Amino acid sequence: QVQPVESGGGLVQPGGHLRLTCTASGFTLDDYAIGWFRQAPGKEREGVSCISEDSDSTYYADSVKGRFTISRGNTTNTVYLQMNTLKSEDTAVYYCAPHISEYLCSKLSNDVGAWGQGTQVTVSS
């Protein structure tokens, strides 16, 4: 089954940090623009960040700009989301997914190829 696989979530105190990892089953992450998304209880899924296929461009939602950083691994077929200065509002299930165009990546669109299971991030004291 073609499916992204997310890991790295957990429980962290406000102001703390986590690094999420996106890998893939059945496709090559390097061939696509990859986005990170999140969904909190009672809210719609929202785009958080995206990195272009050639890694020349990155995009961030206003709510995470300056705190989160998206990047690709150099030695493995992996995309990371480094999350710093975490807030309680960041609590959500986080997902990664491939985009089929750079335009959709730039808009943090939810129109993606496939969803994984997600990884839970809980920010609480």
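Strands β3 (18–25) and β8 (79–83) run antiparallel and are joined by five bridges; strands here are DSSP E runs of at least two residues, helices are H or I runs of at least four residues, and both are numbered from the N terminus. One of the residue pairs involved is Leu-20 with its bridge partner Leu-81 in β8. The model is a predicted one, so to speak of local features a pLDDT of at least 70 is needed and side-chain atom pairs count only at pLDDT 80 or more, while totals for chains, interfaces and linings use all residues. Residues are numbered from 1 along each chain as its sequence is written, and side-chain values use heavy atoms, with hydrogens and water left out.

The β3 and β8 pair belongs to an open sheet of four strands, ordered β1-β3-β8-β7, with antiparallel pairing; two strands pair if DSSP finds at least two bridges between them. At the edges sit β1 (3–7) and β7, each of which pairs on one side only. From one strand to the next, the twist averages 20°, with axes taken as lines fitted to C-alpha atoms (for helices, over the stretch in contact) and angles running from 0 to 180 degrees between N-to-C directions. As a reminder, strands of a sheet pair through backbone hydrogen bonds, either parallel or antiparallel.

Now for the nonpolar core, meaning a set of buried Ala, Val, Leu, Ile, Met, Phe, Trp, Tyr and Cys residues joined through side-chain atoms within 4.5 Å. Buried stands for under 20% relative accessible area, exposed for over 50%, and partly exposed for anything in between (1.4 Å probe, protein chains only). The largest such core has 29 residues, and Trp-36, Phe-68, Val-79, Leu-81, Met-83 and Tyr-94 have the most contacts inside it. Elements giving two or more residues to this core include β4 (33–39), β5 (46–51), β7 (68–72), β9 (92–99) and β10 (119–123), along with β3 and β8. Tyr-94 makes a handy example: neighbours within four places in sequence aside, its contacts (heavy atoms within 4.5 Å) include Leu-20, Trp-36, Val-48, Phe-68, Leu-81, Met-83 and Val-121. Glu-6, Arg-38 and Thr-119 are also among the residues that Tyr-94 touches.

On the charged side, the structure holds four salt bridges, each a side-chain nitrogen of Lys or Arg within 4 Å of a carboxyl oxygen of Asp or Glu. Asp-90 and Arg-67 form one of them, their closest N and O atoms being 2.8 Å apart. This pair links distant parts of the chain, 23 residues apart, with Asp-90 in the loop between β8 and β9 and Arg-67 in the loop between β6 and β7. Both Asp-90 and Arg-67 are buried. Glu-46 and Arg-38 also meet in a salt bridge, at 2.8 Å from N to O; Glu-46 is partly exposed at 35%, whereas Arg-38 is buried at 6%. Arg-38, Glu-46, Arg-67 and Asp-90 are linked in a salt-bridge network. Asp-62 and Lys-65 make a further bridge at 3.4 Å, N to O, with Asp-62 exposed at 67% and Lys-65 exposed at 52%.

Ser-55, in the loop between β5 and β6 (58–60), has a positive phi near 65° despite not being glycine, and is partly exposed at 33%. Thr-85, in the loop between β8 and β9, likewise has a positive phi, of about 45°, and is partly exposed at 47% relative accessible area.
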